[in-house]
Amino acid sequence: MVTLKEVAERCNVSATTVSNVINGKAKTSEETKNRIMQVIKETGYKPNTIAQGLRVKKTRTIAVVAEDIAQFTSPPMIESIMETCEKKGYRVVVHNLRLYDRWSDTWYGQEDEYHSVLDPVIKDILSAQIDGVIYLAGHARIIKTFNAGFNLPIVMCYAYSESPHIPSVVIDDEKSSYEMVSYLIKMGHERIGFIGGRMDNIHTAKRLMGYQKAMYENGLLFDPKLVYYGDWSRKAGHEGAKALLEQNVTAIFGISDRMTGGVYDYLEEKELIVGKDISVAGFDNESIAEFFRPKLTTTELPLREIGAKSAELLLDKLEGANGDSQIGDEPKVYKYPCKMIIRRSVSEK
């Protein structure tokens, strides 16, 4: 492997001059700069970024701590984080905690199990002299693990931070739900069933708030009998559709496409035609949404935007930028609304 010293000897300059040219700090002639860059190209010289990082106490490396990369939301956000960081000359290392793979949804609130997986990863990150961390949640929730005492800059991605020192980037669940329910009302529906996830889930709570706001602003009374709580599964959608049809709903809003798949199952069993006998809307725009028949009207999660913003906030902190990384009395939360995808599962009443 060609060294910096060897490049300098070939160019008949000092190693410091070569280093300065590489880092854009050279005070030398264009002829010398061009000669150095030509030799670098010919020899294939690559700067030792690790050694450079040790000297300046920066490795230009970011760690993404993902709760589980098998969650359908994780890959687009990770790719966007990597793309944004690479454009700024930062490497990204991904640590997969595999929380859902290990314990499904049963790990919530199990602090010992959670820390048995997280703590060794944090120890590795700190020993590797990583510059900063992006914590990527599988579902939106309040993360209490990190605070102002954490040794590295950190950003919450797809999660909320309890600390006012840590910014968060999340979906605007309430606004996105409000827009979908407003659309259903515009199409003439007044008895709109709502199939949520678990009652204590942030996505469920905020999307229900959007549902209630849309009903209220259109002069429709909120009826708790039109709300069914499930567990994000297809089976929950099936059971929710059964319960809601008994309430004479004309439209069903399932706040995940997977649960909405269960709605389609039940309606087919009852020989009801989606988009004709009853309207159905979903949330997430997973790939399965296009394969429903009829294709599902749903919302598209801004996952790449969330990933990019998370990376930008962290890089701003590392590069000393002002503004977005300000500290206030409450954690700074950046919300990104979803995009409605109108297909054929909703019709006018």
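Helices H2 and H3 are roughly perpendicular to each other (a label for angles of 65 to 115 degrees), because their axes cross at roughly 85 degrees. Helix H2 covers residues 15-22 and helix H3 residues 30-43, and the two axes come within 10 Å. Helices here are DSSP runs of H or I with at least four residues, and strands are runs of E with at least two, numbered from the N terminus. Axes are lines fitted to C-alpha atoms, for helices over the stretch in contact, and angles run from 0 to 180 degrees between N-to-C directions.

This is a predicted model, in which local features need pLDDT of at least 70 and side-chain atom pairs count only at pLDDT 80 or more, while totals for chains, interfaces and linings use all residues. Residues are numbered from 1 along each chain, and side-chain values use heavy atoms, without hydrogens and water.

Contact, meaning heavy atoms within 4.5 Å, involves Thr17, Val18, Val21 and Ile22 of H2 and Lys33, Ile36, Met37 and Ile40 of H3. Helix H3 also holds asparagine 34, which is partly exposed at 48% relative accessibility (between 20% and 50%, with a 1.4 Å probe and protein chains only).

Elsewhere, six strands form an open sheet in the order E2-E1-E3-E5-E7-E13, with parallel pairing; a pair requires at least two DSSP bridges. Strands E2 (91-96) and E13 (333-336) stand at the edges with a single partner each, so one side of each has no neighbour in the sheet. From one strand to the next, the twist averages 20 degrees. Within this sheet, E3 (residues 132-136) and E5 (residues 154-157) run parallel and are joined by four bridges.

Notes:
Parallel < 35°, antiparallel > 145°, perpendicular 65-115°, else oblique.
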